[in-house]
Amino acid sequence: MTIGDISPKKERKSRRSKHVADEKAPLLPKRQDEAGGYDEFNGASFTGAVFNLSTTIVGAGIMALPATMKVLGLILGIAMIVFMAFLTDASIEFLLRFSRAGKSTSYGGLMGDAFGKYGRIFLQVCVLVNNIGVLIVYMIIIAYDGLLFYVGDVLSGTSSSGVHHAGVLEGWLGEHWWNGRTFVLIVTTLGIFSPLACFKRIDSLRFTSALSVALAVVFLVITVGIAIIKLISGTVMMPRLLPDVTDLTSFWKLFTTVPILVTAYICHYNVHSIDNELEDSTQIRPVVRTALALCSTVYIMTSFFGFLLFGDATMDDVLANFDTNLGIPYSSLLNDAVRVSYAAHLMLVFPIVFYPLRLNMDGLLFPYSRPLAQSNTRFACITAGLIAVIFLGANFIPSIWDAFQFTGATAAVCLGFIFPAAVTLRNHHFIATKKDKMLALFMIVLAVFSNAVAIYSDAYALFKKNSGAGPRA
């Protein structure tokens with residue numbers, strides 16, 4: 001059995017009124033206790049589902065959004081954030097509607113229903129590529145903050161171009177072996193990532209997801225507070241409202257923001273898992289829209305106030321701007337608060353992204369085995385193996401970020417837009433309208449265009465970097 005070839009569960013309106021007893025369900029409908037018995041699991045709540053989906057959405061990409069405002073200007077930038085939220089809602093609606101029609105209970109099952117075995121495998125491979133890449137980058141940011149390799153690490157510190165950047169722990173306690181990058185990651189992996197990765201139900205992560213969202217709000221509140229203080233004191237100016245297009249180069253630069261905006265709302269690989277556990281399955285659409293509204297609000301405010309605070313000095317990763325003097329009292333303390341809250345936020349995002357990674361790895365390796373949640377040995381081996389791969393990637397190949405700018409971004413837009421649109425155009429159950437097909441075609445064009453822009457810009461930057469690093473006369 002695979003996560004894509006699961007016997008469908010009948011549509012349910014409330015798990016309190018009717019217990020679902022389907023041994024081939026992707027998740028256990030009961031919770032095993034320490035004595036080996038089972039308690040009843042009555043289903044996930046609306047609030048818990050919203051927090052889990054919101055945490056899936058808000059990851060490292062939030063830090064790149066203020067830079068998109070610098071390129072697009074506030075009006076166009078905010079309009080694009082709102083537009084992408086609506087487009088994401090439409091793509092998830094495609095997933096859910098065609099899943100209901102084909103009685104699929106997973107993303108892999110939907111792709112298998114529409115395109116057969118190889119469609120399901122392609123989906124699983126994309127989840128693996130995207131999520132492993134994202135989690136490696138998260139680890140790098142937490143202990144190395146190396147999004148663009150110009151900012152010091154968040155916790156442990158690092159050196160770049162011969163200049164050492166002290167991390168938060170190093171700044172507080174001095175330079176020691178026990179606050180170095182490798183040791184910090186070992187402690188974080190064993191103390192936080194591994195325990196949180198051991199939950200068999202995504203609803204079990206609702207409290208850590210709520211805390212993760214709260215930490216993102218902490219970063220936002222600090223940024224808003226600093227911006228307002230500086231605005232009142234007259235040390236910041238109102239940011240540019242429209243893009244500054246003066247030549248062909250500046251015009252093409254506008255399109256470099258498309259991949260960031262396209263991937264800002266990728267959460268599709270967790271939608272089915274959250275839907276499967278909901279107490280009332282009819283709530284999934286309100287859950288999706290509430291999560292998108294919450295994340296859009298956070299995105300807009302972060303973009304607006306981040307750009308307001310730093311203006312044209314806004315870096316591609318706005319966290320880098322919090323490595324300098326902010327020009328207000330307690331600047332150093334506020335910088336540390338921002339960096340620590342962001343690192344903690346990513347630590348709690350880790351398990352929610354890891355959850356679908358493990359399910360899809362199991363479906364790829366053991367397509368005909370019983371459900372993963374019913375096999376403790378398989379569950380433990382896959383969990384340990386994936387965590388080990390991610391840990392080694394973050395420690396020994398930090399330049400993996402360059403590679404995943406190509407593979408991760410490509411897999412992400414496939415998961416978010418190309419696959420839902422392809423299922424709609426395939427129209428296996430003949431429920432797609434003409435409007436659906438036109439929107440699906442637009443999604444594919446946008447996704448392919450954003451991939452082309454991302455690959456071109458990354459390849460060009462890499463070429464320039466390598467040519468500049470060559471021997472000099």
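**Val288 and what it touches**

I started with Val288, which touches Leu53, Asp89 and Ile92, leaving aside residues up to four places away in sequence. Contact here means heavy atoms within 4.5 Å. This is a predicted model, where local features need pLDDT of at least 70, side-chain atom pairs count only at pLDDT 80 or more, and totals for chains, interfaces and linings use all residues. I also noted that residues are numbered from 1 along each chain as its sequence is written, and that side-chain values use heavy atoms, with hydrogens and water left out.

Val288 sits in helix α12. Helices are DSSP runs (H or I, at least four residues), numbered from the N terminus. Is Val288 buried or exposed? It counts as buried, because its relative accessibility is 0%. The cut-offs are under 20% relative accessible area for buried, over 50% for exposed, and partly exposed in between (1.4 Å probe, protein chains only). I then looked up Thr88: it is 200 residues from Val288 along the chain, yet their C-alpha atoms are separated by 9.6 Å.

I checked pLDDT next, the predictor's confidence in each residue, from 0 to 100. The protein chain averages 78, and 76% of the residues score at least 70. Over residues 1-39 the pLDDT stays under 50, and the model has 94 contacts beyond four places in sequence for them. Residues 145-166 are below 50 as well, with 81 contacts in the model beyond near neighbours in sequence.

**Helix α1 against helix α13**

Two packed helices are described by the angle between their axes and the distance between the axes. I found α1 (residues 46-57) packing with α13 (residues 331-365) at about 105°, the axes 9 Å apart. That makes α1 roughly perpendicular to α13. Axes are lines fitted to C-alpha atoms, for helices over the stretch in contact, and angles run from 0 to 180 degrees between N-to-C directions. Angles of 65 to 115 degrees count as roughly perpendicular, under 35 as roughly parallel, over 145 as roughly antiparallel and the rest as oblique.

Which residues of α1 and α13 meet? Asn52, Thr55 and Thr56 in α1 meet Leu348, Val349 and Ile352 in α13.

**Aromatic pairs**

Rings of Phe, Tyr and Trp (its six-membered ring) pair if their centres lie within 6.5 Å; planes under 30 degrees apart count as stacked, over 60 as edge-to-face and the rest as tilted. By this rule the count is six aromatic pairs. Tyr265 and Tyr299 are edge-to-face, because their ring centres are 5.2 Å apart and their planes at 65°. Tyr265 is in the loop between α10 (258-262) and α11 (271-277), while Tyr299 is in helix α12 (residues 284-310), 34 residues apart. Both Tyr265 and Tyr299 are buried.

Phe350 and Phe354 are stacked, 6.0 Å centre to centre with 15° between the planes. They both lie in α13, four residues apart, about one turn of the helix. Ring pairs also link Phe193, Phe350 and Phe354 into a cluster.

**The loop between α15 and α16**

Last, I looked at Asn427, in the loop between α15 (400-426) and α16 (434-468). Its phi is near 50°, a positive value in a residue other than glycine. Phe430 lies in the loop between α15 and α16 too, and its phi is near 55°. Asn427 counts as buried at 9% relative accessibility, whereas Phe430 counts as exposed at 72%.

Technical notes:
Helix = DSSP H or I, 4+ residues; strand = E, 2+ residues; numbered from the N terminus.
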